[in-house]
Amino acid sequence: MFDTIIRGGTIYDGKGGAPFVGDIAFTDGIIKEVGPEISSDGKREIDAGGLIVTPGWIDVHTHYDGQVSWDTELAPSSHNGTTTVVMGNCGVGFAPVKKGQEPALIELMEGVEDIPGTALYEGIEWGKWESFPEYMDYIASREYAIDVGAQIAHGAVRYFAMGERGRTNEDATQDEIETIADLVEEAIEAGAVGFSTSRTIGHRALWGEPVPGTFAAEEELLEIARRFKKLGKGVIEAIPAGAVGELAALGGERNTPESELELMRKCSVESGRPLTFTLVETRDYYPELWRDMLAKTAAMNSEGAQLYPQVPSRIIGYLHGLSSYHAFMRNPTYLEKLAHLPLAERAEAMRNPEMKSILLAEKPVPHEAPGSMENLAGLFRKGADILYPMANPINLEAEPEASIGHLAQEAGQEPLEYLYDFTVKGDGSHFASFSRKNLPESLSVVGELLTHPETVTGLSDAGAHVTLICDATMPTTQLSYWTRDRSKGEKIPIEFLVHKQTSRNAALYGFTDRGSIEVGKRADINVIDYENLNAQPPVAYHDLPAGGTRIMQPVKGYKATFCNGVMIREDDTDTGARPGRLVRS
């Protein structure tokens, strides 16, 4: 008798082939039989008739580095069918760390990834580790709903090895380069699944300093790459300069997208290992950059590199609302008289005509910390016209006619006034999304990125940007939108996207025991009500340490999610089971 049999589901096995109707049996966390009809019985049997069955999603771009200390559910990833996450991306993390360095690492994570510093101070069990191997041992001592792989981050390593000189991005000496590489080698040897670095000035600590490593010399990165060659395992993850718009602003030829790609090629060849890097649409300032980078990547890979552009599966939009960041939050009157009020009372007070006049006329004051996301207030004010009110269901391909700018014109208002009225209506719990003027046109680019043979699916940033974006639902929305709901363009086959989100990401990180539904593989499995799968509009929760707020999208459609053969979600509800563990390379 098997532990569990899933019967009669339409199985997308993760390998990219056509689906088939059949049964899956597993015991002790391992798939034992897959076939049209399994004759044996199971202690638990699930009728998956009319449902689809997939491997658990593998999300390679998350930021649970602090959350692993206080949250065993690892929401929202576990809510979205994800059964394995990789954290430590973008060059930011919390190990290695010397006593006294914790505040700087917290301010770095808060500035880059928008995780409240109060939660990180209170929620992380500081003092349990110093080295990266000790950090992994700490994670290994805990139990989670899903599995966790950890990467060592350049920012933490440089600060640990060089002190303040490393934190402020001074050039490393040859001895310091050796020390940095030694620390990375120690981490990979102990089971870290990769090393991450950020080279974009868009990533800044709370007080404005770029991530340590942003300006690292070529020799520093190549020496790290040589340690990967020595060990023969691990992945390099990079955010190249130019990823968010600075292009050559960092220093001429050294930091053009082309020179950054060439540096990544050298690191991949020198290491003999895969290197994955962020690639997003750059329509506003370099319309064909993404296409040029894909073509150059393919050429480099044909000559021996292993470069994997990491792409999103939807447009990344900033959330605007009274529960998060908004255009009026830095106004002096708001800060003095309104910010402390409960949400509904705040919305009511802001509907007062006199208060409305004051807030529309006032100019926002900058936050004392230049890297604070509260400074987005200015961006929202300037770009009010390209905010889109979020409805249920969310319309990912809304036309410009649905934007605040167009709606304001129809109402005879300025965009900022219309945005104000929208923001304060009702109980103030709704959101608008700051996005692009023409979403269908931008989505066509995302579709090309997603389906390109060189790319991998990532950039969900799960665990990060907790009051700004909700992209942890990317595994859910890419399945529901691209294969089912898309109306302005061709749909993508389900089997392709399942493969992209499972076995392709597993192969990238060398997770050979998962990512497909095959005999002998781990029973990391989703049973999905495909027709009703849906990520709903964002909701504010106040459940972070120190009472911090995070925004999450409730998800419907996961009838069951299994991690290591144990049901962790049933009918979109946490079962309380915690079979997830640390994954070592």
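User: Please take a close look at the salt bridge between arginine 227 and glutamate 178. Where in the chain do arginine 227 and glutamate 178 lie, and which residues are linked in the network of salt bridges?

Analyst: Happy to! Keep in mind that this is a predicted model, and that every value below is computed from it.

Let's begin with the pair itself. In the salt bridge of arginine 227 with glutamate 178, the closest N and O atoms are 2.9 Å apart. Arginine 227 belongs to helix 7 (residues 218–231), while glutamate 178 belongs to helix 6 (residues 174–189). With 49 residues separating them, the pair links distant parts of the chain.

How exposed are the two partners? Arginine 227 has a relative accessibility of 9%, so it counts as buried, because buried means under 20%. Glutamate 178, at a relative accessible area of 29%, is partly exposed.

This pair is also part of a wider group. Glu178, Asp182, Glu185, Glu219, Glu223, Arg226, Arg227, Lys230 and Glu270 are linked in a network of salt bridges.

Take glutamate 143 and arginine 581, whose side chains meet in a salt bridge at 3.3 Å, N to O. This pair, too, links distant parts of the chain, the two residues being 438 residues apart. Glutamate 143 sits in the loop between helix 3 and strand 8 (147–153), and arginine 581 in the loop between strand 24 (573–574) and strand 25 (582–583). Glutamate 143 is partly exposed, with a relative accessible area of 44%. Arginine 581 is partly exposed as well, at 33%.

Another example is lysine 521 with glutamate 518, whose side chains meet at 3.3 Å, N to O. Lysine 521 has a relative accessible area of 18% and is buried. Glutamate 518 is partly exposed, with a relative accessibility of 26%.

Aspartate 28 is not a glycine, yet its phi is about 55°. You will find aspartate 28 in the loop between strand 2 (20–27) and strand 3 (30–35), and it is exposed, with a relative accessible area of 65%. Aspartate 461 has a positive phi near 55°, and its place is the loop between strand 16 (456–457) and helix 17 (474–485). Aspartate 461, however, is buried, at a relative accessible area of 13%.

One last stop shows burial along a helix. In helix 11, the buried residues are Arg346, Ala347 and Met350. Seen down the helix axis, they fall within an arc of 100°, so they line one face of helix 11. These buried residues pack against helix 10, helix 12 (353–361) and helix 15 (415–424).

Note on methods. Residues are numbered from 1 along each chain as its sequence is written. This is a predicted model: local features need pLDDT of at least 70, side-chain atom pairs count only at pLDDT 80 or more; totals for chains, interfaces and linings use all residues. Side-chain values use heavy atoms; hydrogens and water are left out. Buried means under 20% relative accessible area, exposed over 50%, partly exposed in between (1.4 Å probe, protein chains only). Helices (H or I, at least four residues) and strands (E, at least two) are DSSP runs, numbered from the N terminus. The arc is that of the directions from the helix axis to the C-beta atoms. Contact means heavy atoms within 4.5 Å. A salt bridge is a side-chain nitrogen of Lys or Arg within 4 Å of a carboxyl oxygen of Asp or Glu.
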